[in-house]
Amino acid sequence: PGAVLVDVPKDIQNAEMDFVWPPKINLPGYRPVTTPHARQIEEAVRLISQAKQPVFYIGGGVIKANAHKELKEFAEYTGIPVVTTLMALGSFPDSHELHMGMPGMHGTVPAVAAMQRSDLLITIGARFDDRVTGDVASFAPDAKVIHADIDPAEIGKIRAVDVPIVGDAREVLSGLLSVYQNSGLAVPSLGNWRDYLNDLKQRFPRGWEGQSDGSLSPQFVIQTLSQEAGPDAIYCAGVGQHQMWAAQFVDYEKPRTWLNSGGLGTMGYAIPAAMGAKAGRPDAEVWAIDGDGCFQMTNQELVTCAMEGFPIKVALINNGNLGMVRQWQALFYGERYSNTRLREQGNYMPDFVKLSESMGCVAIRVTKEEEVLPAIRKAREINDRPVVIDFIVGEDAQVWPMVSAGSSNSDIQYALGLRPLFDEDSAAESPAHIDEVVDANATAASHKVTKEDNN
């Protein structure tokens, strides 16, 4: 499903030959198993029916298999909560009551809790990557594992598996639902489990810390963009803080509306991906949410967009730094900032407005909160050329929640300087430990976390 390079040497390009179209494509080494084994499906259904705290751990394979409808049907039939990885955003509606959010290093509190406290991980099209698991030894310590993937090499690679299922995600989910419905087994009673997770959703909504210098908050920019452009738009992002904020603050309701390089970590991905998305779906509204570091790697493709008629829109989150590296330097290296600043204080260098205009784009600079929505609306009205909005945001904005690299997911922190929300002795059935930590954090915090405006 990824990029493919076909390199044709010059002597072959210049050669003459008799061309005959092959009647049949034969790839001897490629024999994927798409239909899951019936016995494995039956065993998975048996485990699901016995679980008290199960969770669907959904990866990008569900989107690649076009299995979003089957996922929704099976989740609603069983009432099991769902978490969706960075590459699976849109495979299950963000607004659905069963959706707990994105798990992992910068995941939501309920998503992380759902996995850490689970007694059964129903893993479909995911690979247990380190950004999701954190410290593998302490990841979901009490959970049995059902792991379904079309690539048998992924199954059991990171985590021991109780029920391995090799197959296409769509066929796996369809098979699970069909077998369950005809098995006579009752769906699990999950009222207490869902109440616990929903309580966490209420206690720890997505939010952000306002900038101490009064500068524009990048989270506000992206949330406003999501509310204005809506779930039918296509959103692309590069790598870094803006990537995580785009994952956290855009509401994804449909598959293939989020394009990202994920584990490849490809800085500069957003502009070319947006161009490709606009070429593939000319009638769609396509936004590249980019950072100023990523933007300097591939902004020249805006010339191609302008010349070839791909009127993409760019929300440039410009904090004048390599933001994620700076965040790690602030948190783990005593604020010893090195090689992360991209411009002199107070100067626009480079001037992205002038640069974008020179490449045939309409360009807008935004520095105040009240300018954000009008700029987005103006960009949406322009469809004959690319538009770049240079949002000048605070350089001290950080991505929260966070699990530091190599730590247990139980050590997730909701904001800077606050105690971890979970420990190994806290019980999933009761939020008493969470109450204790919330009270302690309320005293320790020097500022409040701004809750999103649900209106």
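## Accessibility and the model

Buried residues have under 20% relative accessible area, exposed residues over 50%, and partly exposed residues fall in between (1.4 Å probe, protein chains only). Trp-328, with a relative accessible area of 24%, is therefore partly exposed. Trp-328 belongs to helix α14 (residues 323-332); helices are DSSP runs of H or I with at least four residues, strands are runs of E with at least two, and both are numbered from the N terminus. Between Trp-328 and Gly-291 there are 37 residues in sequence and 16 Å in space, C-alpha to C-alpha.

This is a predicted model, in which local features need pLDDT of at least 70 and side-chain atom pairs count only at pLDDT 80 or more, while totals for chains, interfaces and linings use all residues. Residues are numbered from 1 along each chain as its sequence is written, and side-chain values use heavy atoms, with hydrogens and water left out.

## Cavities

Two cavities of 30 Å³ or more are present. A cavity is a set of points, on a 1 Å grid over the protein atoms alone, where a 1.4 Å probe fits but cannot get out; its lining residues have an atom within 4 Å of a point. Grid points are joined across faces, edges and corners, and the volume is the space filled by probe spheres set on the points.

The largest cavity has a volume of about 40 Å³. Its lining consists of Asp-292, Gln-296, Asn-318, Gly-320, Leu-342, Arg-343, Tyr-348, Met-349, Pro-350 and Phe-352. By class, five of the lining residues are nonpolar, three polar and two charged. Here Ala, Val, Leu, Ile, Met, Phe, Trp, Tyr, Cys and Pro count as nonpolar, Asp, Glu, Lys and Arg as charged, and the others, including Gly, as polar.

## Salt bridges

Side chains of opposite charge can pair when their charged atoms come close. A salt bridge is a side-chain nitrogen of Lys or Arg within 4 Å of a carboxyl oxygen of Asp or Glu. The count by this rule is 17.

One of these joins Lys-157 and Glu-154, with the closest N and O atoms 3.1 Å apart. Lys-157 is partly exposed at 48% relative accessible area, whereas Glu-154 is buried at 16%. Another salt bridge joins Asp-130 and Arg-131 at 3.8 Å, N to O. Asp-130 is exposed, with a relative accessible area of 54%, and Arg-131 is partly exposed at 48%.

Arg-380 and Glu-228 form a salt bridge, their closest N and O atoms being 3.4 Å apart. This pair links distant parts of the chain, 152 residues apart: Arg-380 is in helix α16 (residues 369-381) and Glu-228 in helix α9 (residues 218-229). Arg-380 has a relative accessible area of 28% and is therefore partly exposed.

A network of salt bridges links Glu-228, Glu-285, Arg-377 and Arg-380. Glu-285 sits in the loop between α11 (270-280) and β10 (286-291) and is buried, at 19% relative accessibility. The side chains of Glu-285 and Arg-380 also make a polar contact of 2.9 Å. A polar contact is a pair of N or O atoms within 3.5 Å; within protein, one must be able to donate a hydrogen and the other to accept it, and residues adjacent in sequence count only if both atoms are side-chain atoms.

## Asp-129

Asp-129 is in the loop between β4 (120-124) and α6 (130-133). Asp-129 is buried but has no salt bridge, and the nearest side chain of opposite charge, that of Arg-127, is 4.6 Å away. Lys and Arg count as positive and Asp and Glu as negative, with His and the chain ends not counted. A polar atom of the Asp-129 side chain lies 3.1 Å from the backbone nitrogen of Arg-131.

Notes
On a 1 Å grid over the protein atoms alone, a cavity is a set of points where a 1.4 Å probe fits but cannot get out, and a pocket is an open set with protein on both sides within 12 Å along at least five of seven lines; lining residues have an atom within 4 Å of a point.
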